[in-house]
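Reader: I'd like a close look at one part of this protein, and I'd rather have one connected walk-through than a list. Here is what I'm looking at.

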Amino acid sequence: MTSLVIDARYSGPPGSGNGGWTSGLVAGAVGAVGGLVEITLRKPPPLDAELAVTATADGWAVLDPQGTLIASAAVRADDIPPVPPVSRTEALAASGRYAGHTDHPFPTCFVCGPQRADGLRIFPGRLPDGRTAATFVVPTDLSPTVVWAALDCPGGWAVIDRDQAFVLGRYAVAVDGLPEPDDECVVVGQPVHREGRKALVRSSLYALDGALLARAEATWIAVAG
């Protein structure tokens with residue numbers, strides 16, 4: 001058994017951990033395994049609480065101090081296709097169309113919240129074909145968890161709109177290579193399929209020279225009104 005703590009800085013919806021950051025911490029706690037690790041968020045991840053990560057018959061469970069199941073993890077068999085890249089110019093133009101600048105369900109989100117001067121400040125705007133894109137300046141405290149977080153919201157904003165908020169439900173990331181601190185990258189998101197309250201999306205992180213750095217696939221869940 002191991003443990004992890006989601007620092008209050010890494011919030012998503014108020015009072016709970018950002019889904020991408022939380023999932024990256026869980027993946028790191030699980031360690032190297034054969035295949036990709038897929039994280040399913042069961043409850044809003046609590047901040048500043050010690051969460052236990054324990055092995056189960058089919059993967060791992062993440063429990064809060066009261067024993068409530070917060071998340072589970074399992075090895076994923078399928079690979080993740082990349083989202084096609086766009087240029088830095090296209091990504092900058094898309095960021096200028098970011099709907100979250102004026103209408104954001106969680107404006108203090110660590111990844112995409114416009115009210116977070118200390119966040120990743122990734123502002124994914126829509127492209128004409130329905131994908132999203134944004135530029136991303138890599139923080140100095142780079143880690144694989146940062147990459148998991150950076151790929152989270154660009155996928156979500158491919159389905160989020162002013163009439164419907166979504167939260168991350170299931171998430172897997174394949175890291176092909178880490179950028180360097182202070183590098184500028186491009187991140188793109190793409191809607192894949194939607195059925196009822198569930199939306200399947202993908203996202204990818206690219207270096208400015210077009211090198212693929214990471215790929216993600218996620219299921220987002222519409223918040224009940």
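Which residues have the most contacts inside the largest nonpolar core?

Author: Happy to. This is a predicted model, where local features need pLDDT of at least 70 and side-chain atom pairs count only at pLDDT 80 or more, while totals for chains, interfaces and linings use all residues. Residues are numbered from 1 along each chain as its sequence is written, and side-chain values use heavy atoms, with hydrogens and water left out.

So, the core: Val111, Leu120, Phe136, Leu151 and Leu205 have the most contacts inside the largest one, which holds 54 residues. A nonpolar core here is a set of buried Ala, Val, Leu, Ile, Met, Phe, Trp, Tyr and Cys residues joined through side-chain atoms within 4.5 Å, and buried means under 20% relative accessible area with a 1.4 Å probe, protein chains only. Strand E11 (residues 212-222) gives this core its largest share, 6 residues; strands (E, at least two residues) and helices (H or I, at least four) are DSSP runs, numbered from the N terminus.

Take Val111 up close: leaving out residues up to four places away in sequence, Val111 touches Asn18, Leu120, Arg121, Ile122, Ala149 and Cys153, a contact being heavy atoms within 4.5 Å. Another core, of 9 residues, lies apart from the largest one, and Val86, Ala91, Ala94 and Ala133 are among its members.

Leu205 takes us into the sheet, as Leu205 stands opposite Ala214 in E11. Strand E10 (residues 198-207) pairs with E11 in the antiparallel sense over 9 bridges; two strands count as paired if DSSP finds at least two bridges between them. They belong to an open sheet of 11 strands with antiparallel pairing, in the order E1-E3-E4-E5-E2-E8-E11-E10-E9-E7-E6. Strand E1 (2-5) and strand E6 (125-126) are at the edges with a single partner strand each, so one side of each has no neighbour in the sheet.

E11 also turns up at the largest pocket: along with helix H4 (152-156) and strand E8 (166-175), E11 gives two or more residues to the lining. E8 supplies the largest share, 4 residues. Of the 26 lining residues, Pro13, Leu41, Phe166, Val167 and Leu168 lie nearest the pocket's centre. (On a 1 Å grid over the protein atoms alone, a pocket is an open set of points where a 1.4 Å probe fits, with protein on both sides within 12 Å along at least five of seven lines; lining residues have an atom within 4 Å of a point.)

Terms used:
Buried means under 20% relative accessible area, exposed over 50%, partly exposed in between (1.4 Å probe, protein chains only).
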